[in-house]
Amino acid sequence: MEKAKSSVHGLKKALSFVFFYAVISIMASQCFAQSEALTADQKAQQDRQYLEIINSLYYYIQQNYVDEVDAEKLYEGALKGMIEALDDPYSQYLSKNDWRSLSDTTVGTFGGVGLSITKPTENKPDKPAYVEVAQPIDDSPGARAGIQPGDYIVKIDGTDTSTLTMNEVLDRLRGTVGSPVTVTIKRGKKMEFDCTLVRALIENPTVKYGMIRDSLYIRLTEFGLTTADKVKDALNKHRREYKSVILDLRNNGGGLLAAAYNIADMFIDDGVIVSTKSRIAYENSVYTASKRNTEVPAEIPVIVMINGYSASASEILAGALKDAHRAYLIGENSFGKGSVQIPTPLINNDGFKITVAKYYSPTDVNIDKVGIPPDREVPYPDFTDEESETFSNLMSSDVIEKYVEDHPNMSEADIASYAKKLQKDYKLDLRTLRKLVRNQVQRTQKSPLYDLDYDLQLNAALGILAEEDYNALMSQTKNLKQIETERLAKESQTAQAETGKDGGKKN
């Protein structure tokens, strides 16, 4: 009897599955049959059918899966799956903590170590899901410890971060103000060292500025709600002093498009600044300059500094000034993010962001995955394998920390003298050693606006303004359309040459 009941129950389950599968198959086939050249009504019907399929699968899992299933887990999985299906690295589902982190790092204050971070969702044997530092916040514990964009946090208080979720990482980095947390930093292939950070109340200033000789130096770390106003304050405060302007966009990952547009409008008095293009009509916009918003006279030289971590809104500003022949760019090729995302909250205190448009420079160039080349490249030298190992050993030791602790109030002369002593045991460039010592000396101080001893790119900018003919340099610069045309022609020639080597196309 029991066996008969079991058989009947199994038959019911099998029939239930067959029926469910049949319904799904029929609905899916109806959708697929209409996938080509759909009318508006057909598209609406297709959308309804797919939503019904998703709902059916959700309830089927809830009622039939072997274990109890958390509804929120299915909800998050569905949202993640849909957005990941777009195959767009900039479109993301944002969990409650991700959404909170996005808000924390763009507005307001929060407690922590002052590092803007990212983390892959998938942990692979050949590519562990370590935490990557996108940007240290100025004057934060992370910045004072010398942590750099591109560094990986591989451990937090000894725990491997590849095994942690982003929520767990945030919970471990944040904590009571004044409490310590030790992070293990991996830099490049061979450098690995520990840093003990003391948590602090983090403020996220997006603009810092000051005079260097007769140049107004403005460093932008992010494009937030108040960034354009603060840039305007800087220009007004030093209006009678500056004879040139240096905009430092290095390590600036972007932010609000409107902020980049408003800042560009202070330097450009006419023409297009940026345009956005989308299949959505209201996302197609052209942002133009207005003479009434100009703050910097046309005769004032402007230099923009960029590097591989200058992205998105940074590239909008740099591209606009370059195409308008309003600035000379120095540094390294920018990141290459030419798309626009809009963060959108959901009712669960989570949210998402998806790409809604692509942006184009004044000469109608989209720099996505290409970036903006500087007019003058000024790279930082790479470490050799031996230097990388030496650097790791030095950073993992407490040699510098103990020396600075035993020698308070070190002057620049003291720093230079100690760097020479260090070099006997650690064969690194003196400029790098001075920087490491200086970072330790300034750990408990407000970070200086600039470091002329270490910053090769800033020195190059100042050298151009002081020693070279700025107008002559500007007359030789190319806009982004010219650069794109030359790049595409070169790629075409290379492709043709490769085809010739292979003896033509292969079937």
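Student: In which loop is Asp 364 found?

Tutor: The model is predicted: local features need pLDDT of at least 70, side-chain atom pairs count only at pLDDT 80 or more, and totals for chains, interfaces and linings use all residues. Residues are numbered from 1 along each chain as its sequence is written, and side-chain values use heavy atoms, with hydrogens and water left out. Helices (DSSP runs of H or I, at least four residues) and strands (runs of E, at least two) are numbered from the N terminus. Asp 364 is placed in the loop between S18 and strand S19 (376-377).

Student: What is the phi of Asp 364?

Tutor: Most residues other than glycine have a negative phi. Asp 364 has a positive value, although the residue is not glycine. Its phi is near 65 degrees.

Student: Is Asn 349 buried or exposed?

Tutor: Asn 349 also has a positive phi, near 65 degrees, and lies in the loop between strand S17 (339-345) and strand S18 (351-360). Because its relative accessibility is 59%, Asn 349 is classed as exposed.

Student: How many residues of helix H9 are buried?

Tutor: Helix H9 spans residues 313-323 and is mostly covered. The buried residues include Glu 315, Lys 322 and Asp 323. The count of buried residues in H9 is 11 of 11.

Student: How far apart are the ring centres of Tyr 217 and Tyr 450?

Tutor: A search of the whole structure finds 7 aromatic pairs, where rings of Phe, Tyr and Trp (its six-membered ring) pair if their centres lie within 6.5 Å, and planes under 30 degrees apart count as stacked, over 60 as edge-to-face and the rest as tilted. The planes of Tyr 217 and Tyr 450 stand at 85 degrees, so this pair is edge-to-face. The distance between their ring centres is 6.0 Å.

Student: How many residues apart in the chain are Tyr 217 and Tyr 450?

Tutor: Tyr 217 belongs to strand S11 (residues 215-220), while Tyr 450 sits in the loop between helix H13 (430-441) and helix H14 (456-467). Tyr 217 is buried at 1% relative accessible area, whereas Tyr 450 is partly exposed at 30%. The pair links distant parts of the chain, and its separation is 233 residues.

Student: Which class describes the pair of Tyr 261 and Tyr 287?

Tutor: Tyr 261 is buried, with a relative accessible area of 18%, and Tyr 287 is partly exposed, with 26%. Their ring centres are 5.3 Å apart and their planes lie at 50 degrees, so the pair is classed as tilted.

Student: Over the face of which residue does Lys 277 lie?

Tutor: A charge sits over a ring if NZ of Lys or CZ of Arg is within 6 Å of the ring centre and within 35 degrees of the ring normal. One example is Arg 431, over the face of Tyr 454 at 4.6 Å from the ring centre. Lys 277, at 4.3 Å from the ring centre, lies over the face of Tyr 360.

Student: With which residue does Arg 250 form a salt bridge?

Tutor: The structure holds 23 salt bridges, each a side-chain nitrogen of Lys or Arg within 4 Å of a carboxyl oxygen of Asp or Glu. In the bridge of Arg 250, the closest N and O atoms are 2.7 Å apart.

Student: In which helix do Arg 487 and Glu 491 both lie?

Tutor: The side chains of Arg 487 and Glu 491 meet in a salt bridge at 3.2 Å, N to O. Arg 487 is partly exposed at 27% relative accessibility, and Glu 491 is partly exposed at 43%. They are 4 residues apart, about one turn, in helix H16 (residues 480-501).

Terms used
Buried means under 20% relative accessible area, exposed over 50%, partly exposed in between (1.4 Å probe, protein chains only).
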